[in-house]
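Here is a report on the structure shown below.

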Amino acid sequence: MEKEALDDLSQVIPSDRMYLDLAERYCYSYDASFGEYLPEIVIQPKNAEEISEVVKLANTHKIPVYPRGSGTSLSGGPLPVKGGMVLDMTLLRDKLIIDRENMLAIVSPGVITANIHKKAEDAGLFYPPDPSSSNVATIGGNLLENSSGPKGLKYGTTKEYVIGLEVVTPTGEIIRTGGKTVKNVTGYDLTRLIVGSEGTLGIVTEAIIRLIPKPQSKHTFVAHFNHLIDSGHAITSILSSGILPSAMELMDNACIRAVESYRPSGLPLQAEAILIIEIDGHPLAIEEEINKCADICRAEGASYVKIAETEEERQTIWSARKSVSPAITQMGPTKISEDATVPRSQIPAMMERLNQIREKYGLNLVVFGHAGDGNLHPNIITDKRNITEMKKVELAVSEIFEAAIELGGTLSGEHGIGTLKSPYMEMELGITGVNMMKKIKEAWDPNNIMNPGKIFPDKGQTRVVLVT
Amino acid sequence: MNLPVKPNETNAVAHNLYSDAYDWTNQCVKCGYCLPACPTYESMGVESASPRGRINLVKMAAEGKIDFQKDLAEPIDLCLGCRACETACPVGVPYGHILEAAKEAIENSPSANQKNKMNKIKKLALVHLFPYPKRMNRIGSAVQFYQKTGLSKIIRSSNVLQKVSPALAHLEQALPAIESSSKRIRTGTIMPAKGETKLKVAFFAGCIMDSMMSRINRLTIELLTIVGCEVILPENQNCCGALHSHQGEIKQAKALAKRNIQAFMQSDAEIIVNNAGGCGASLLEYGHLLADDHEWAGAARAFSEKSKDISQILHQLGPLPFTEEWQGIVSYQDSCHLRNVQKVQKEPRLLLQSIPGVSYVEMEGFDRCCASGGIYNLIHFNESMKILDEKMKNLKDTKATAVVTVNPGCQMQMSIGIQREGAANQIKSMHLVEILAKACGLD
């Protein structure tokens, strides 16, 4: 980093929150995805004013700026791919106000998402988006990546809950978008533009999020299917019966085997799929609904259905699903986790395509995910030191995306585009569609300093490159 | 994209770390689930003070990308070694092993002589003190003399220690009243069970426990005998070596382990009992420590399998014959090594709840390290006190009159915290054995 730029930054940020040493820089060189890029400097700002000053300097000196929460991103969102500075936002956590009357929360971006869940529940309210990293991830990271977790089916995704933001723009101004009202149609909806923008259009320094009443109770059951296609039909039959479960989770046979060999609990090794379905709402209503859903599963050919009678039984059902991640990492040190999403009616077709890809390349590919909203997580387990296999992984990943798009789906349901999916953007949006997005980016960020290297492919980049 | 490369062959230390720990570091998927569990990440707020950060730095060092002394030493040294991250890790990364391999590599790195080489006090204690029970006992006696003669009062009122080192001053005040050495039960003794003999156990006395807290050791043995244990105190046992492995002195740790294995395996005890969470964890890991030593691996594994915490035995053979009520609120601070390594959580709590009159209140953050961390509170005084002061807020909320631990370091650290809060009149820091013995009318 140039001395002049460094001197300028020292005027704005005290030295104990500015890191130039190699150890700390390496510590902010990764996230939970694949890839490692060394930043030139790491800064821990404390408030919007500091960030505004830092960004203004970065814009003058043309230094890339990479905002970052807890670094749980699976798509490379916060990776400093062009060097520059990482802004660790975790110190901005002073505000977590629950406004009961207006049913909303006002939060600083560094607040851990699970803390919002807890505070809202204490007030009898509910913040539904719940990525599996919610105990670690910051709300700022969640909403910029638009990561939502299993409840999207019934409650919608993160973007449905963000109604107002304070943002530092790429040129360093502090702006407000939206506000405290649920209805707001004044001008362009910049709030929605920024949520899910993966930090390319600005840095969120405060968010107003909508809360809803907490559901009174929940009921859960598990169903085993000998044929994957039957589980697909069960999903669509339930959804067309007028019942909207709060979660519908799917595990494929490879997943079942991995979990069973990791922590044996009597899962059916011959089953092609397991469905876990949860319903929440009024106790009397869900009693009737859960039985109806279970009947549908039986009618669609489920070989086994078990409704949890106690909280302990409910936890047992969920523990199989929660063991998936640890179980599959036993198969190899490198995990490429995707989140290709298809319309729910296409889930069986997508599963079939994933099967073919697994066979074709002979890879450890397992599939689980949020079946109710079509958000599947194909995971390839490999070892990045095995170059030959990694080359196969690159091809397989490309084919996964192609399959999702062909079936009318999308590249990402909740992980974001980041570095891993940018080469495929044109495949989904077309050249003109991507160009329209680029124009927005250029208007906001004329010097391309805000999280450069994400979402949009570099020139000539047509597929993911994991190893060189 | 950078790919892991084998380190430069000329860098022997990096090469050793590569072969010892590289595969372990690769198990980390960087999900960050360890972050909320880590007390130093919470208090320091930077990624290099988190388990994920430290694991990555070890990996970088093994790949030869960063320097052992300049880059790796400090982040590793600032780790408490509480291993709460292992409990939180969804994929089971063996953090403790990575940490020890890193410490050993840092100790042995070429530039170690100029900088950061184990400081003199640490070296004196580890190499010339802890391994020698007689020397430890002489110190114990000296401290007893110091306390009994009133010298301690003079020193305290003069505030001289505070000027030399606030850490030492704190520790001096936290030291328990040391019992006269005439009451100490000598090694080589066999104490018969009171009543029917249900179990033959060998007692691991420990170095600090034996010299500074011999009263707790004596009460431990008495409690064991009243629940039906014949208690053997094998001769020639010595320090468990925990502090040595935590400081990267693996060779010395191995030598101590072998001496203990030899001393204990000669007895026909079914179980080896200890009363200090840190020592217990170390004994439990002898199997791992000596796994590559063909001559000792089998015996080490057998030794580890027999090792149990006092709370497990008292719970198993209980109920205890209580004779006195304990009126008041009691809270329990987990010893990290008991909780996260030995996985003993419920037994101490059940024992406390079984004492007549006790109302037991769980403290917020009970599973959070108190930042005693072996000798962490001496070496990193300010960092340690930051974490401790947070804990004291939680303890105050319980309104407890006694906070109970199962480890001497934690017990003293709680005393220091209580002093800092000026709450010595309202709350006591006790070892589990002390409060149980009191309720059983022993003492």
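Strand 13 (residues 247-252) and strand 14 (residues 273-281) of chain A pair in the antiparallel sense over six bridges. Helices (H or I, at least four residues) and strands (E, at least two) are DSSP runs, numbered from the N terminus. Two strands count as paired if DSSP finds at least two bridges between them. Within this pair, Met248(A) has Ile277(A) of strand 14 of chain A as its bridge partner.

The model is predicted: local features need pLDDT of at least 70, side-chain atom pairs count only at pLDDT 80 or more, and totals for chains, interfaces and linings use all residues. Residues are numbered from 1 along each chain as its sequence is written, chains are lettered from A and ligands numbered from 1 in the order in which they are written, and side-chain values use heavy atoms, with hydrogens and water left out.

Both strands belong to an open sheet of seven strands in chain A, ordered 15-12-14-13-17-18-16, with antiparallel pairing. Strand 15 (302-307) and strand 16 (334-337) of chain A are at the edges with a single partner strand each, so one side of each has no neighbour in the sheet. From one strand to the next, the twist averages 20 degrees.

## Helices on that sheet

Helix 11 (residues 311-322) of chain A packs on the sheet. This helix touches strand 12 (217-225), strand 13, strand 14, strand 15 and strand 17 (364-370) of chain A. Its direction makes about 55 degrees with that of strand 12 of chain A. Contact means heavy atoms within 4.5 Å. Axes are lines fitted to C-alpha atoms, for helices over the stretch in contact, and angles run from 0 to 180 degrees between N-to-C directions.

Helix 14 (residues 387-406) of chain A lies across strand 16, strand 17 and strand 18 (375-382) of chain A. Helix 14 runs at about 170 degrees to strand 18 of chain A.

## Four-stranded sheet

Chain A also has an open sheet of four strands, in the order 1-2-4-3, with mixed pairing. Strand 1 (18-19) and strand 3 of chain A are the edge strands, and each pairs on one side only. Strand 1 and strand 2 (residues 41-43) of chain A run antiparallel, joined by two bridges. Tyr19(A) has Val42(A) in strand 2 of chain A as its bridge partner.

Helix 1 (residues 3-12) of chain A packs on this sheet, touching strand 1, strand 2 and strand 4 (85-88) of chain A. The helix direction makes about 15 degrees with that of strand 2 of chain A.

## Interface of chains A and B

Chain A gives 38 residues to the contact and chain B gives 30 residues. The buried area is about 2,800 Å², and carbon and sulfur atoms give 56% of it. Buried area is the accessible area (1.4 Å probe) that two parts lose on being put together, summed over both. Tyr30(A), Glu36(A) and Arg385(A) supply 22% of the area that chain A buries against chain B, more than any other three residues.

Three salt bridges cross the interface of chain A and chain B. A salt bridge is a side-chain nitrogen of Lys or Arg within 4 Å of a carboxyl oxygen of Asp or Glu. One of them joins the side chains of Arg385(A) and Asp23(B) (3.3 Å, N to O). On the side of chain A that touches chain B, helix 2 (22-27) and helix 12 (324-329) of chain A are the elements that give two or more residues. Helix 2 of chain A has the largest share, five residues.

## Salt bridge in a helix

Over all chains, the structure holds 46 salt bridges. Lys118(A) forms one with Asp122(A), with the closest N and O atoms 4.0 Å apart. Both residues lie in helix 4 (residues 113-122) of chain A, four residues apart, about one turn of the helix.

## Backbone exceptions

Most residues other than glycine have a negative phi, and most peptide bonds are trans. Phi of Lys62(A) is near 55 degrees, a positive value in a residue other than glycine. Lys62(A) lies in the loop between helix 3 (48-61) and strand 3 (65-68) of chain A.

In chain B, a cis peptide bond joins Gly318(B) and Pro319(B), with omega about 5 degrees. Pro319(B) is in the loop between helix 19 (310-317) and strand 6 (328-332) of chain B.
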